[in-house]
Amino acid sequence: MQVLKFGGTSVANAENINKTISIILEAAKKERTIVVVSAMGGITDILLQGGKLAASGDESYKDQLRIVEQRHLETVKLLIPLTQQSRVLSMVKKRCNEIEDILNGVFLLGELSNRTKDKIASYGELLSTQVISERLKILGIDPLWKDARELIVTNSNFGFAAVDFEATNKKIEAFILSTDQNLIIIPGFIASDANAITTTLGRGGSDYTAAILGAAANAKKIEIWTDVSGMMTADPRIVPNAKAIFNISYLEAMELSHFGAKVIYPPTIQPVMAKGIPVWVKNTFFPQDRGTVIEKNVSKNSDNIRGISSINKIALLSLEGGGMVGVPGFSKRLFEALSNERINVILITQGSSEHSICVAVDETNIFKAKEAVDGAFDHEIKTGKVEPLIIEQDLAIIALVGDNMKSRPGVSGKMFGALGRNGVNVRAIAQGSSERNISAVIAVSDVRKAINVLHEEFFETTYKQLNLFIVGVGNVGSRFLAQLKQQEKYLEEHLRLQVNVIGIANSKKMVFDDEGIDLNTWKNLLENAEKMELAQFINIARSKNLRNSLFADITANDDVAGCYSQLLEKSISVVACNKVAASSSYDYYKKLKKLATEFNCQFLFETNVGAGLPVIGTLNDLLRSGDKINKIQAVLSGTLNFVFNNYDGQKKFAEVVKQAQDEGYTEPDPRLDLSGTDVMRKIMILARETGEKIEMEEIRNNSFMPESCMRGTVKDFYNAMGREEAHFKEIYNEAANAGKKLKFVANYENGKASVGLQHVGQESDFYHLYGKDNVVLFYTERYPEQPLVVKGAGAGAEVTASGVFADVIRAARV
């Protein structure tokens with residue numbers, strides 16, 4: 001004996017019914033078969049909606065009935081030859097007339113009881129199974145159709161009736177013995193109480209029907225045919241990379257189904273578990289797929305976790321008060337109050353202080369729960385011993401499930417660490433002593449991110465996905481995207497990292513794609529995209545709430561830098577090529593650092609000093625390893641170094657500066673470089689990274705630029721430099737005549753910082769500094785006389801882009 005159950009999607013229309021029948025015929029060739037069938041997809045909902053409309057006095061309930069009738073009549077016409085349709089069509093009409101009579105009564109009474117709901121809902125399965133039986137007869141098979149209400153006995157808890165297994169098993173055993181029919185068709189979901197009144201086993205109860213029949217008949221196996229190829233490690237609608245589970249234990253399947261895995265109805269496992277009957281979950285539309293087998297003994301694999309599941313629309317109920325401490329009976333009274341209102345408790349957690357107890361329930365029950373619990377503790381609330389019941393809504397439960405978690409240290413830490421790094425706040429935690437399930441209550445808005453984070457952490461050994469938002473795709477930004485495209489395969493193969501660029505913006509346009517923007521066509525996509533609104537871009541990045549999110553600012557814009565706090569507060573890491581934030585007020589700089597720590601994300605700005613050179617990283621490594629910075633000397637402007645390396649008094653100073661700008665070495669406004677302001681920012685950032693509280697106005701700037709050059713527009717700046725050529729030539733000649741070179745040097749020592757033009761001789765580390773190179777000398781406790789030197793190209797779009805790239809990878813690998 002075997003039992004096959006087919007869900008609503010498997011019998012949703014004539015085409016699907018034919019697929020289902022093909023599977024039934026193949027199975028019936030092998031051994032005696034019971035087939036359990038659900039209502040056609042969506043029919044139960046339509047029937048119940050008709051009941052609600054009728055009860056509310058809305059005559060459109062008749063439209064719902066017409067939909068039910070029409071779908072079944074059309075299906076019959078497609079499945080049954082014209083010459084043989086009359087009898088089957090009459091059966092459908094008869095059943096629909098019965099439904100109409102009931103709905104008319106509901107309409108007249110204006111009342112819809114749970115008992116009547118069960119009666120109305122039962123017609124979905126009665127119709128679908130009889131249509132399938134008739135189709136089998138046309139194919140030369142004569143199945144026995146049996147009403148499940150004659151076999152399965154329940155109590156009178158309409159809507160979710162409990163099975164009387166002793167009575168039910170006797171009836172099923174007697175029925176099986178009474179017939180030698182090879183193929184039996186039975187409607188799922190429905191049953192009857194001791195008075196032969198129709199009951200139902202709860203939505204999804206057709207799985208349960210199959211399990212009840214299979215257990216009573218001692219079936220060799222039960223097959224649940226649905227629209228997915230078995231159970232998955234997570235909901236594939238949420239996690240695109242969800243993997244098939246080929247084998248799972250009864251207890252693991254029960255846990256997963258209890259916490260929202262929709263593939264199998266939770267009570268299904270219980271009847272078959274005692275008898276060790278394997279349950280297969282198969283795909284009607286891809287019957288060749290292996291599917292999932294649920295059985296008693298499952299070979300252990302290397303994975304601690306079997307699957308991840310979730311339940312949405314959960315509310316937390318918290319009973320708190322000092323009067324609870326050490327007083328027995330509070331928990332009992334709480335659960336009694338909820339039980340009396342038939343409110344199911346999904347999760348329980350209580351602190352060892354006994355000051356509070358917290359339970360999770362379905363959100364639809366909160367008003368009943370509030371009234372019941374506050375009533376039960378009325379005296380304690382009035383006397384101040386406990387607080388009125390506290391309700392929190394818009395929550396969900398996520399659960400890790402796996403038999404192998406038992407006695408495996410680190411699973412919980414790994415789970416909560418991954419959630420914490422992605423800014424998912426956990427409101428409550430529960431873990432049973434079996435260690436088969438770890439559950440956490442989180443915000444509904446975080447469910448998609450949380451499940452993807454956990455799936456990546458526990459199942460995806462191939463790669464980690466980084467979701468990147470980029471503002472600024474000019475000279476540096478476009479090169480960064482080119483480097484990212486070039487290194488795609490390397491990142492996946494060597495770092496197991498997949499970078500998805502979700503959003504790109506420049507000053508005019510912005511474009512988004514949750515699947516990842518094509519880096520071959522991003523320019524065209526951006527050109528034809530919507531208008532850039534910075535506030536909207538930030539809100540979209542926040543609201544997408546994607547795991548491993550990172551925002552890269554490759555601009556020099558004050559407004560963009562002012563948005564970092566909004567991103568960090570959502571655990572979106574920030575990589576800033578933009579120096580504005582780190583060189584703004586010390587309070588804002590510290591706020592951003594603190595937010596990054598608080599929300600488990602990264603605030604990185606290596607390219608603020610030295611472009612792609614590892615200056616800040618080296619400084620932080622020194623400090624983290626216990627060294628102390630005594631002094632920093634540096635040439636930090638690739639622009640100024642380029643200018644003074646190329647200015648010899650022959651070519652005009654303004655022309656050399658223009659050359660530097662044309663080659664991409666300067667800031668968008670070259671005066672920031674020539675005035676020394678950019679170098680001031682950089683030495684201040686380094687000083688701050690050592691722990692110094694310092695502001696821009698505290699840095700001494702010995703500027704070499706005449707005041708006349710710093711007024712007006714950039715064009716005015718160049719004109720003024722032309723008029724001041726004699727001044728620049730005099731500076732150059734003074735150094736050259738002394739056999740020295742001009743270098744714009746930054747100093748930090750004893751809490752003081754300064755920048756200015758210096759004459760350096762051959763003995764200086766700065767003398768042999770060519771082109772656009774930067775050099776930083778760190779004098780520390782460990783490097784007191786011979787400094788640690790970081791030297792290399794300190795300007796240029798390509799090296800700056802590589803510095804941004806390095807920060808992005810650094811943030812992703814945390």
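In this predicted model, strand 12 and strand 15 run antiparallel and are joined by nine bridges. Within this pair, Ile314 has Leu395 of strand 15 as its bridge partner. Strand 15 is also joined to strand 17, again in the antiparallel sense, by seven bridges. Here the bridge partner of Ile398 is Ala440, in strand 17.

Lys5 has Val36 in strand 2 as its bridge partner.

The other open sheet consists of three strands in the order 4-6-7, also with mixed pairing. Strand 4 (153-154) and strand 7 (198-200) are its edge strands, and each pairs on one side only. Strand 6 (residues 190-193) pairs with strand 7 over three bridges in the antiparallel sense, and Ala191 has Thr199 of strand 7 as its bridge partner. Helix 5 (residues 114-138) lies across strand 6 and strand 7, running at about 80° to strand 7.

| Strand pair | Direction | Bridges |
|---|---|---|
| Strand 12 and strand 15 | antiparallel | nine |
| Strand 15 and strand 17 | antiparallel | seven |
| Strand 6 and strand 7 | antiparallel | three |

Helix 8 (residues 250-258) has several buried residues, namely Tyr250, Glu252, Ala253, Glu255, Leu256 and Ser257. Their cover includes strand 9 (247-249), helix 9 (269-273) and strand 11 (292-295). Strand 12 (307-320), strand 15 (390-401) and strand 17 (437-443) are also among the elements that cover these residues.

In soluble globular proteins, nonpolar side chains tend to be buried together. The largest nonpolar core of this model has 88 residues, of which Ile34, Val92, Ile222, Met231 and Ile294 touch the most other members. Helix 4 (residues 85-109) supplies the largest share of this core, with nine residues. A second, separate core holds 87 residues, among them Ala505, Phe512, Leu592 and Leu613.

Beyond its neighbours up to four places away in sequence, Ile294 touches residues that include Met231, Ile248, Ile264 and Val281. Tyr250 and Ala253 are also among the residues that Ile294 touches, and both are buried residues of helix 8.

Conventions: Residues are numbered from 1 along each chain as its sequence is written. This is a predicted model: local features need pLDDT of at least 70, side-chain atom pairs count only at pLDDT 80 or more; totals for chains, interfaces and linings use all residues. Side-chain values use heavy atoms; hydrogens and water are left out. Buried means under 20% relative accessible area, exposed over 50%, partly exposed in between (1.4 Å probe, protein chains only). Helices (H or I, at least four residues) and strands (E, at least two) are DSSP runs, numbered from the N terminus. Contact means heavy atoms within 4.5 Å. Two strands pair if DSSP finds at least two bridges between them. Axes are lines fitted to C-alpha atoms, for helices over the stretch in contact, and angles run from 0 to 180 degrees between N-to-C directions. A nonpolar core is a set of buried Ala, Val, Leu, Ile, Met, Phe, Trp, Tyr and Cys residues joined through side-chain atoms within 4.5 Å.
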